[in-house]
Amino acid sequence: MEEELIQIKNSAVSLILEIKDQKELEELKIRFLGRGGRLTLAIKEIPKLPLEKRPNIGRLANEVKKSIEDTISSQEYTLSETKTKKIREEIDRTEPGIKPNVGHLHPLSQVLYDVVDVFKSLGFQAADGPQVETDYYNFEALNIPKDHPARDTQQTFYLDTRNSKVEPGEIILRTQTSAMQVRIMEKTKPPVRVIIPGKNFRYEQVDASHGFEFWHCEGFLVDTNVKLTDLFGTLDYVLRKLMGENTKLKFATTNFPFVEPGVDTYIQCTVCKGKARLPNGQGCSFCQMSGWSEIMPAGMIHPNVLKTAGYDPKKVSGFAFAIGLSRLVTLRYQMDDLRLLTNPDLRILEQF
Amino acid sequence: MLAPLSWLKEYVDITLPEKELGDRLTEVGLGTEKITKDNDDVIFKFEITPNRPDLLSIIGIAREIAAIEGKKIKFPEVYDIEKYIVKKTLPLKITTDSKINPRFTGIIIDGITVRESPKWLKERLIKIGQRPINNIVDITNYVMLELGNPIHAFDYDKIKGAVMKVHQTKGGEKFTSVDGISYRLPKNAVVISDNEEIIDLCGIKGGENTGTYEKTKTIFIRVPVEVPSLIRRASLSLGLRSEASSIFERGVNAGGTVDALLRCIKFILEIAGGEIVSDIYDIKKEEFNPWKLDLNLERLKNILGISIVENKVLKILEDLSLPPKKILKDTIRTEIPTYRNDLKIEEDIIEEVARVYGYNNFPKTIPSGQIPLKPPPYFKDYRLEEKVKNIFKSAGFSEIYTYSLVSEKDLTDNEINPDKTLRVDNPISREFEYLRPTLKINLLKALFQNKPNFEKINLFELGKVYLGRTLDEVKEEYRLCAVSNLKNFYEMKGILENLFGELNIDEDPSRYIEIINEGIVFELSYSDLLSKIKSDKIYKPIPKYPPIIEDLTISVSEKIPTKEIIDAITRQSPLIENVSFKNMYKDNRTFHLVYQNKEGNLTTKEVAKIREKIIEALKQKFKAAIA
């Protein structure tokens with residue numbers, strides 16, 4: 001028995017060491033260790049031995065089994081090593097990869113989520129509201145009564161009121177996300193920090209820099225003791241975070257009936273770098289050759305608006321702003337036409 | 001608004017170079033759009049905000065420059081009426097109403113000669129884009145542009161009955177303007193009639209019947225104050241804008257009519273000759289005096305966030321021609337000239353100080369105060385939205401944004417009734433007239449648009465649709481919609497199952513998927529989806545005991561839905577942890593079964609018993625047999 005076991009071991013080990021591939025190895029495994037394998041059969045004989053011989057033979061059988069198994073696993077390792085080596089050698093690293101079929105998020109979404117992130121770091125949360133809006137929230141509550149000339153700057157789409165109880169002119173497509181200011185303030189107490197990204201509509205003929213549908217991101221903050229310098233600091237932080245630390249900004253006075261003081265924010269043109277001309281000598285069309293792009297009207301919320309919303313302008317103050325989101329996208333990616341954002345051509349989309 | 005540098009220099013000394021002046025004016029709120037050289041002059045083009053009608057005049061712009069430069073303004077010379085004694089008078093009976101015409105200032109001049117304007121006057125007008133007509137019309141235009149008060153000259157002899165009645169229209173009246181265009185007037189427009197007909201559409205255009213032409217010898221000059229809303233309504237409903245109407249609808253300098261008239265008289269007597277043949281008419285109910293506004297220095301500091309020294313504040317207000325006077329320890333009282341209608345509350349004065357101080361000289365701070373914890377009203381979870389979109393992105397879909405407005409044809413092509421779809425009353429074109437009730441319209445169009453360039457097209461959009469047949473039923477809803485000419489039904493379903501799994505929603509998405517000629521499309525309410533999301537996922541411990549896994553192939557009619565078979569199997573024992581469909585070949589279907597006992601080891605005997613139960617149940621229910 002002892003001799004037989006040693007012989008099994010020797011023949012198994014020498015055969016295993018000579019195999020050329022995985023298939024041969026598998027065959028040997030079965031031949032020696034399988035259900036009807038030589039070692040298995042031999043082990044089955046052990047109980048028939050005299051009792052006193054059994055422990056030693058048993059131990060020996062285990063040793064034999066282990067050394068066969070060890071040899072197998074060392075051969076398996078060698079085999080896979082050889083295979084890997086072959087793959088390594090044969091691979092052509094210059095050949096292009098096989099790409100999984102992955103789509104693309106629209107550039108507007110990519111910028112939008114960046115904007116949401118940046119504001120989140122300042123404690124602003126996002127909200128969303130109706131696009132089919134009342135004249136009240138879009139204009140009147142924002143200190144723009146019916147006959148106010150400021151309405152000229154926001155030509156409005158009116159909805160067909162036929163078959164409804166709505167008075168003509170009362171329901172419109174919102175012209176500004178600012179329509180959400182009073183809606184939100186009515187429903188909550190200060191402190192408020194909120195942004196409202198969304199689509200707006202204006203009756204405008206379409207060209208490279210105007211659309212009848214476009215995106216803004218409104219934002220406002222109301223608290224005790226909010227100052228104009230807070231507005232400047234917020235706009236500066238947000239725009240440099242979005243457009244790069246070295247982005248140059250300037251502020252100017254402007255008028256919107258729902259802010260006082262009113263602020264307009266310009267960033268240095270990202271295309272011509274403020275030079276108003278392109279390297280080829282042509283005038284920069286992105287900034288109409290001014291070197292600056294108007295990006296973010298803003299201001300301290302007008303006391304009348306706070307009052308309308310039920311806040312006491314003697315106790316709280318706030319600021320509001322609106323980022324031209326569509327404009328921001330075109331500036332970031334140097335797209336020379338706003339209409340590219342609503343064009344579903346995959347040749348555009350796949351670039352982002 | 002165009003303004004030549006040479007003209008501005010008549011009222012203020014300008015030391016800043018043009019470019020710097022333009023930048024500085026933009027900073028204080030007078031948006032400088034363009035600076036162009038014109039021979040030896042420089043023309044500024046400004047964008048005027050609606051709150052500043054005073055900047056629609058050269059003197060108004062000069063005042064802004066004076067404020068920047070810290071200089072005083074020189075008001076132009078006007079006719080000294082005090083010294084004039086009227087020798088002969090002509091009659092004119094005026095009736096007006098301060099509610100529709102707050103101020104009516106005017107005078108009659110006789111013996112004038114209407115002819116071409118002198119060269120200097122024509123040149124000035126041409127420089128700022130005006131067409132010279134004759135000396136009288138040119139002078140009235142010139143003084144309007146100079147001082148900001150619109151002026152109209154009537155041919156006195158053509159005012160029938162020497163009567164002027166200011167009144168409102170009933171609607172439908174005929175009127176022909178000086179430029180020969182006929183209008184039907186809307187209701188409530190303010191007009192002047194003589195004894196026979198309407199001779200003036202107040203604040204907008206004069207009438208052809210009383211215009212100033214070559215033969216005119218006697219004129220009546222009117223410098224009015226009109227009611228902004230009345231002018232605006234009439235002008236909007238006629239689609240008729242004039243320089244005068246844009247000043248009036250923003251609010252004219254009510255205190256400036258007499259000065260404008262006197263300036264006008266000076267030029268007329270110099271250029272067209274003639275003599276004054278009436279006293280000044282100045283019909284008004286109130287005095288139109290400057291008003292007072294107080295500025296609290298503490299409030300100034302609180303709103304601006306910086307403390308500007310008191311002397312600097314006083315100097316800025318002085319330079320802005322808002323004479324300041326300190327009335328209390330921390331209060332400055334300013335006097336607001338009548339041309340600054342935009343200054344009504346303390347915050348307005350705060351802006352005046354801030355803008356001249358220079359926004360770009362302010363420090364920048366980050367808001368202190370509490371960060372709100374609770375989500376705001378109308379909260380929207382953009383992280384979730386991004387997550388949803390990324391599921392489609394990783395499944396090979398590209399995102400598009402399309403217009404909310406669609407055409408009638410878009411609707412009918414998709415078998416949607418336009419009469420039951422929300423519509424815009426004043427669309428920019430027929431192409432964009434209706435609010436989309438489904439995203440499918442634009443996704444299908446996008447698919448077709450891409451076909452010439454791409455074989456494999458997967459697109460999706462997350463956007464709003466607008467539901468309701470009339471405005472009484474408006475409902476906006478976010479939808480998620482995708483189209484593919486590449487994926488089959490099961491692939492599309494798999495993507496949605498993934499999405500639902502991510503959101504912890506237990507629902508079969510099949511009903512959202514539609515098979516069309518071009519491929520496959522699905523659309524579902526994202527708003528509804530959000531409401532179905534179940535609360536956060538909870539960890540389930542991994543089983544301590546090994547499961548028993550086996551495949552079961554049955555032969556069953558093809559008509560029986562797989563879901564029913566799976567449900568029937570699952571019902572047979574609580575020890576069946578999971579049943580999934582593996583594949584189908586002819587009428588053979590293979591299911592993958594996982595048996596699991598959480599309490600202990602499963603024995604093959606137990607499993608055999610359950611298996612028998614399953615087979616029996618399937619046999620009874622579906623006439624199925626073990627294959």
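1. A cavity here is a set of grid points where a 1.4 Å probe fits but cannot get out, and its lining residues have an atom within 4 Å of a point. Keep in mind that this is a predicted model. With that in hand, the structure holds three cavities of 30 Å³ or more.

2. Let's take the second largest cavity to begin with. It holds about 100 Å³ of space, and 15 residues line it. Nearest its centre sit A:Thr253, B:Val28, B:Asn51, B:Arg52 and B:Glu351, so both chains show up in that list. By class the lining splits into three nonpolar, six polar and six charged residues. H11(B) supplies the largest share, three residues.

3. H11(B) is worth a look for its packing too. Its axis (residues 346-357) and that of helix H9 of chain B (residues 297-304) come within 10 Å and cross at roughly 70°. The two helices are therefore roughly perpendicular to each other, and H9(B) passes H11(B) in a right-handed crossing.

4. Who makes that contact? On the H9(B) side you'll find B:Arg299, B:Leu300, B:Ile303 and B:Leu304, while H11(B) brings B:Glu346, B:Glu347, B:Ile350, B:Val353 and B:Ala354. Sorted by class, that makes six nonpolar, three charged and no polar residues.

5. Now for the largest cavity, at about 350 Å³. It is lined by 34 residues, and A:Leu108, A:Lys199, A:Trp215, B:Tyr401 and B:Thr402 are the closest to its centre. Two or more lining residues come from each of H5 (107-120), S4 (192-201) and S5 (213-223) in chain A, and likewise from H12 (382-394) and S22 (458-467) in chain B. S22(B) gives the largest share, with five residues. The class count for this lining is 14 nonpolar, nine polar and eleven charged.

6. Last, an open site: the second largest pocket, with a volume of about 840 Å³. Its lining has 34 residues, and B:Val137, B:Asn141, B:His152, B:Val178 and B:Lys205 lie nearest the centre. Which element gives the most to this lining? That would be H5(B), with four residues. Other chain B elements supplying at least two residues each include strand S6 (152-155), strand S13 (218-225) and helix H7 (243-250). By class, the pocket lining has 15 nonpolar, eleven polar and eight charged residues.

Key:
Residues are numbered from 1 along each chain as its sequence is written. Chains are lettered from A and ligands numbered from 1 in the order in which they are written. This is a predicted model: local features need pLDDT of at least 70, side-chain atom pairs count only at pLDDT 80 or more; totals for chains, interfaces and linings use all residues. Side-chain values use heavy atoms; hydrogens and water are left out. Axes are lines fitted to C-alpha atoms, for helices over the stretch in contact, and angles run from 0 to 180 degrees between N-to-C directions. Angles under 35 degrees count as roughly parallel, over 145 as roughly antiparallel, 65 to 115 as roughly perpendicular and the rest as oblique. A crossing is left-handed if the near helix is turned anticlockwise from the far one by less than a right angle, and right-handed if clockwise. Contact means heavy atoms within 4.5 Å. Ala, Val, Leu, Ile, Met, Phe, Trp, Tyr, Cys and Pro count as nonpolar, Asp, Glu, Lys and Arg as charged, and the others, Gly among them, as polar. On a 1 Å grid over the protein atoms alone, a cavity is a set of points where a 1.4 Å probe fits but cannot get out, and a pocket is an open set with protein on both sides within 12 Å along at least five of seven lines; lining residues have an atom within 4 Å of a point. Grid points are joined across faces, edges and corners, and a volume is the space filled by probe spheres set on the points.
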